[in-house]
Amino acid sequence: MAHLIRTAIVILSFLLAAPPARSEYPAAPLGKQRAAASPLQWEIREAGHPILGNIRFAFLKNPIETPVGNAKVYSRAYLSCHPASRKFAIELTNTPKPDDPGGLKPVTMPRLTCTRLDEAGSDKLVQEELPAKWEVSDIGDALARGFRGFPLRECVSISVVQEVALPAGWGKKSARVEFDITPYNRELDSIFVTCGELSAYAPVAPPAPPAPVATAPPASTAAAPPSATASAPPARSSPEREPAPQWQTARTTSNGKTNVRAGPTLQSAVVGQLFPGAVVLVQRTESDWWRARVAGGAKLEGYIREDRLVFK
């Protein structure tokens, strides 16, 4: 009996000392509900960033439209992960047209507000601002980096509030842009997993392979002798070379900046980046990559994937 008691004490001590297994973040159930109700759709890409380096990121497929009189401001958000440092970055862009390569600069720095549970097991929601240090590019893109996974995954949603400067002649000097990022969207969840965070979704089992269908072996047949009257095709005196594909004019898509790579693979080095709506000359290849030259005489050549191009 004494031996059983000592064994039970050892097991109990181990359970009390061991950290509890965390299968789900407290914010995940409500966060997934918010994500399912959100109209925003995200897409995942991998690319070389001029500041962050090689990253995996999610971006909004369609820009958020903010009406300003008869015009609109088109806004996008990007959530990226740098796998080596396991740090996250949020980038915000605003343009006066969907495919405008320029941008609208912020009047004041954007604000990120986290809506989270007051405490584990509570249904009460509280809001607090996420500290962020913003870097603004020459065209107005705002980048905040160095986020860790924990404060972001604590959020059921993250409200983004921006005040952006408007072009001359719009009747107003600035416009307020607001939208919510839902960290538990499936695509955003995948970005968190890239940087070592737990997934909020159970892995999807691969579909079972189809059952083999029994077929009768083909009947053996003897090769038919060539017809005596069949004539051989005329021999060509010299091979005919197919003409090279013509160069075409295209634009880069409006879904963020487009990488120009040294070769027709994602592993090839990035030799340059093009803004949304940039005009390029492209030539078809045998793969889904197009050889590209920047229109206007700039010395930039490389390859662009077909899904990053819009043809006139």
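Predicted model: local features only at pLDDT ≥ 70, side-chain atom pairs only at ≥ 80, totals over all residues.
View 1. Residues are numbered from 1 along each chain as its sequence is written, and side-chain values use heavy atoms, with hydrogens and water left out. The structure holds two disulfides (pairs of cysteine sulfur atoms within 2.5 Å). With the bonded cysteines numbered in sequence order, they pair 1-4, 2-3.

**View 2. The disulfide of Cys81 and Cys195.** Here the sulfur atoms of Cys81 and Cys195 lie 1.9 Å apart. The pair joins distant parts of the chain, 114 residues apart: Cys81 sits in strand E4 (residues 71-82), and Cys195 in the loop between helix H4 (186-194) and strand E12 (248-252). Helices (H or I, at least four residues) and strands (E, at least two) are DSSP runs, numbered from the N terminus. The link is right-handed, with 95° about the S-S bond.

**View 3. The disulfide of Cys114 and Cys155.** In this pair the sulfur atoms are 2.1 Å apart. Cys114 belongs to strand E6 (residues 106-117) and Cys155 to strand E10 (residues 155-165), distant parts of the chain 41 residues apart. This link is left-handed, with -120° about the S-S bond.

**View 4. Burial of the cysteines.** Buried means under 20% relative accessible area, exposed over 50%, and partly exposed in between (1.4 Å probe, protein chains only). Cys81 counts as buried because its relative accessibility is 0%, and Cys195 is buried at 3%. Cys155 is buried too, with a relative accessible area of 0%.
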